[in-house]
Amino acid sequence: MRELERLSLGTREATLAPRTRIGILGVVIALTLALLVSRLWQLQILDGEDLRTISEKNRMRLIRTPPLRGVIYDRRGELLVDNRPSYDVILVPEDAPDIRKTIEALSRYVPTEEHLSDKIAVRDLRRPSYEGVLLAKDVPWQVIAAVETHQLEIPGVNIETGTRRDYLPNGFAAHILGYVGEISPRELAQAPGYRMGDLIGKFGIEKRWESILRGQGGGQQIEVDAAGKRLRVLGAVEATAGQSLVLTIEAELQRKAESLLEGGEGAIVALDVHTGEVLAMASRPMFDPNQFARGVTSSEWRSLVSDPLHPLNNRAIQGQYPPGSTFKVIMAAAALEKGVVTPATRFFCSGGIPFGNHFFHCWKKKGHGGVDLRQALAQSCDVYFYQVGQRLGIQAIADYAKRFGLGAPLGMGIDHELGGVIPDAAWKKARLGAPWYAGETLSVAIGQGYVTATPLQMAVVAATVANGGTVYRPHVVKRVLDDAGEPLKEYGPEVLQGTNIDPHTLQLVREGMIDVVNAPTGTGKKAKLLEVLVAGKTGTSQVIAGTKGKGTALARQFRDHAWFIAFAPADAPKIAVACLLEHAGAGGGAAAAPVVKEVLETYFAIARKEGTHADEVRQEAHLAF
């Protein structure tokens, strides 16, 4: 009986075991399905949007297309600044499985002063990893060939085609044109629409006209494979080229001015007397903008900024020098206008005059004898102008100097322009906390003491005397062109201020300046031209008091500066020129007047050539008609 019960129980256990297993299996399957459903819900519903975005980023990339920068011409259409193709080495971090190994391998093919790994280290981590990091700019063909040949060793490294600024050689007009460079973090914070790696104007016209020259960038949406290889373009927005500029500069005259300064330090400025257009503005020593266009190295930059001759300094607008005897032009006009002298008033020069406990010398030790205003200008008699200064007083001198545009920047349209100093009692009190002394007025009367001016300002003084008393704002941009080369905007003459000086007074000053160049006793005879009447004024400004007249016997840094300002033709003025030669070791008549003569010769040679050409065109048109 018990045996039967055991048999019966064994049969029931055997019957229940498969059911149990099926039940357990069902539970497992249900749980698995539940997990799968919940995971699908999480992936598709909860995280779906984020995952979709990540997926799209992996498959599609946005590639920025920089705009083509506008070019720059001279007034006659000569191309001064162009763009040229360049090739950069780029690393896309996302496509480089091991960036360290890639950089190590790449270093064998890309010679660079800086470590490539440093450039990776400073990259902007906010940028997507599929955006390239610039490792080397404007590389030569040998590097391009090496990178393309060793692609398997350097995954993620590409050669990207772009453009670079192309400037004329030998630093042509470098201080006017300026240069571009990679945007700095500080500039980036102030310039919306730019990104790290973009180029931006850093100096000169390139900086001041950045918004015109830059254009608008575009881009492409491209599809790539898992290795980052481009498959197809999904969409594109074309970049818009920047607008171009036509400058007032006459390239041939600019070249001549620069050649005349070669090997020395100084500046030459030539202006159209009736418009304020800058025809030439040379400053030496100079720098090469192409250095910056290809990416200036650390050692090159250190060399430039530590150079004691300061080649980055635009002496034409940043150099502030005592104007020396060129300032007598303003003194003469002020004296006539204030009635402290007449054209016939004569002073006797014996070589100097005592004043207080000091003896003020004339540059001519033996003296000029009796001289009137015109003779005093022609012979640059210091004693005459010492006495004019006493009669005028410092406040009147300052007033008339400012009427000619001195004492403040002229706003010519290039950054870092300085305004020089026109002192008076209030200036000295505020600046030095001391009263004005009458003896200081004598120094100012001959362009020494505290008074300083830039070569640009003295060119404006000459132009203002030449045109009858109107101070035009000097400007260097004549026209803006669209990307088809059509004019968009013209920049004409802008009157900065009038001098309110009687035309007869200025005529007397002009006559004195004509004598400077053309009278037998004139100090500027070396500027005389055979076919064109030139008016001018010499100037020699002391660097160190008491060293005047010792010339090249002095250490170079103590030698006087040489000035000459001029306009021509004196009877129908068109051009005004100012020349400043630092530490020339000779006076303005000996050193600077011959330089201005060559500038004027070049200007009138160009004008004659243009006239001949115009005559030929008119004759051809007449014959055709």
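Q: Is aspartate 372 buried or exposed here?
A: In this predicted model, aspartate 372 counts as buried, because its relative accessibility is 17% and the cut-off for buried is under 20%.

Q: And which residue does aspartate 372 pair with in a salt bridge?
A: Its side chain meets that of arginine 346 in a salt bridge, with an N to O distance of 4.0 Å. The pair links distant parts of the chain, 26 residues apart: arginine 346 sits in the loop between helix H14 (328-338) and strand E13 (347-349), while aspartate 372 sits in the loop between strand E16 (369-371) and helix H15 (373-379).

Q: What about the accessibility of arginine 346?
A: Arginine 346 has a relative accessible area of 46%, so this residue is partly exposed.

Q: Switching topic, how many salt bridges does the structure hold?
A: There are 31 salt bridges in the structure. One of them joins the side chains of aspartate 415 and lysine 207, at 3.5 Å from N to O.

Q: Where do those two lie in the chain?
A: Lysine 207 belongs to helix H8 (residues 204-208), whereas aspartate 415 is in the loop between helix H17 (394-403) and helix H18 (425-432), and the two are 208 residues apart. Lysine 207 counts as partly exposed, because its relative accessibility is 35%.

Q: Which residue forms a salt bridge with arginine 608?
A: Arginine 608 forms one with glutamate 531, and their closest N and O atoms are 3.7 Å apart. Arginine 608 lies in helix H22 (residues 588-624) and glutamate 531 in the loop between helix H21 (503-518) and strand E21 (535-541), so this pair ties together parts of the protein 77 residues apart in sequence.

Q: Which residues are linked in a network of salt bridges?
A: Arg69, Arg165, Glu206 and Glu210 are linked in such a network.

Q: Now the whole protein: how many helices and strands?
A: The protein has 22 helices and 23 strands, and 48% of its 625 residues count as buried.

Technical notes. Residues are numbered from 1 along each chain as its sequence is written. This is a predicted model: local features need pLDDT of at least 70, side-chain atom pairs count only at pLDDT 80 or more; totals for chains, interfaces and linings use all residues. Side-chain values use heavy atoms; hydrogens and water are left out. Helices (H or I, at least four residues) and strands (E, at least two) are DSSP runs, numbered from the N terminus. Buried means under 20% relative accessible area, exposed over 50%, partly exposed in between (1.4 Å probe, protein chains only).
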